[in-house]
Amino acid sequence: MDQVLSQQEIDNLLNAMSSGEITQETVEIENEQSKVKNYDFRRPTKLSKEYINTLYMIFEDFSKMGSNALSTQLRTNAAFQLAAIEQISYEEFIHSIPKFTLLGLLQSEPMNGIQIIEMNPQLCMLLVELLCGGTEIHQQQGDNAEADLADKKSFTDIELAILEEIMTQLTAAFEHAWKDIVDLSTVLGGMDTNPQLLQNMSPNEPVVLVTFTVKIFKVQTFINICIPYVFFEGIVDKLSFRNWFDSNKSSNQDDSDELQKSLNGVDLELEVLLGEAQMSLSDFLHLVPGDVVKLDRKITDPLDTFIEGKPFYRVIPGKKGDQYAIELIDKLEGDQNE
């Protein structure tokens, strides 16, 4: 779209032409020059803006899943937020990260190339300390933490074992984030701490750099994901919005089975109410094993079953082997009055 001039700019332009400061030929030359844009052949733009917008949606999902996984593992809030997606060369990525850092090398079948998750030492040691019992107060008192990290040149075997569990959680989140585009089988192929020694790609190979901000307590830092362009070669068409928002795309049986499988892992509290009884406080205090308490129900009456405090079924009690059991006989309609 051509640039729209304000009324003041139009008046200034007409006055300059009237006074002879500029001519019509000068204006035409400036308009031609404004159409010229710089292009860096060392940083070719492989993915269009439409595909980058799709990547934003994919990695927004990754940030949510990564945040949930870390928060569950750390038992404290870990806030992920997608900061930027850039197309740069592999050499620029290597030069933009610390010389000593943690690199997780991912292999995603059937895609090509090695994906890299980078976490800086400050975040790594914070995660290790929290998983080993550290607290927020301890973090606030750690004034010399950055000074200690400046002298740190390697991780211990125990620290690497702890960090490997975290990297495995992020690997699973990476695999799941791509589920709507392509089914991946992503595994953590290994970890490294010296980016200068990695020979996975040529220096000029184009990559997509995805940057996330991570905030834990008052510490805010970054996590980077480096994905080579060869990863996208077979799925570029699937990154278009037309494919992403296909209204004719219907859910299949596999999606329903996967949803049911996920729900099966949810723990629910189930209670069976045998009945109620009223007694004085004195009688209650004098109860001993073997005493019989008379309830307000007959032994032949069905019992009410509550799931998460809400009535759902009528059941009859019984035994299966050496264990007490219940048999569902009827489903309750609506909430039960107290």
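**Entry 1: strand pairing**

I began with strands S9 and S10, which pair in the antiparallel sense over eight bridges. The model I am reading is a predicted one. Within this part of the structure I noted one residue pair: Lys-319 stands opposite Tyr-324 in S10.

I then looked up the sheet to which these strands belong. It is an open sheet of four strands, ordered S7-S8-S9-S10, and the pairing is antiparallel. I asked which strands stand at the edges. They are S7 (270–273) and S10 (323–331); each has a single partner strand, so one side of each is left without a neighbour in the sheet. I also recorded the twist, which averages 40 degrees from one strand to the next. As background, I note that strands of a sheet pair through backbone hydrogen bonds, either parallel or antiparallel.

**Entry 2: salt bridges**

I next asked how many salt bridges the structure holds. I found two salt bridges.

In one of the bridges, Asp-304 is joined to Arg-297, and the closest N and O atoms are 3.2 Å apart. The other is formed by the side chains of Arg-314 and Asp-304, at 3.0 Å from N to O. I located both members of this second pair: Arg-314 lies in strand S9 (residues 310–320) and Asp-304 in strand S8 (residues 303–307), ten residues apart, and the pair links distant parts of the chain. Through shared partners, the salt bridges join Arg-297, Asp-304 and Arg-314 into one network.

For the arginines I recorded 26% relative accessibility for Arg-297, which counts as partly exposed. Arg-314, with a relative accessible area of 30%, is also partly exposed.

**Entry 3: helix H8**

Lastly I turned to helix H8, which covers residues 157–177 and has 21 residues. I compared its span with expectation: from its first C-alpha to its last H8 reaches 30 Å, close to the 30 Å expected at 1.5 Å a residue.

I asked which residues of H8 are buried. I listed Glu-159, Ile-162, Leu-163, Ile-166, Met-167, Leu-170, Thr-171, Ala-173, Phe-174 and Ala-177 as the buried residues of this helix.

Key:
Residues are numbered from 1 along each chain as its sequence is written. This is a predicted model: local features need pLDDT of at least 70, side-chain atom pairs count only at pLDDT 80 or more; totals for chains, interfaces and linings use all residues. Side-chain values use heavy atoms; hydrogens and water are left out. A salt bridge is a side-chain nitrogen of Lys or Arg within 4 Å of a carboxyl oxygen of Asp or Glu. Buried means under 20% relative accessible area, exposed over 50%, partly exposed in between (1.4 Å probe, protein chains only). Helices (H or I, at least four residues) and strands (E, at least two) are DSSP runs, numbered from the N terminus. Two strands pair if DSSP finds at least two bridges between them. Axes are lines fitted to C-alpha atoms, for helices over the stretch in contact, and angles run from 0 to 180 degrees between N-to-C directions. The expected span of a helix is 1.5 Å times one less than its number of residues.
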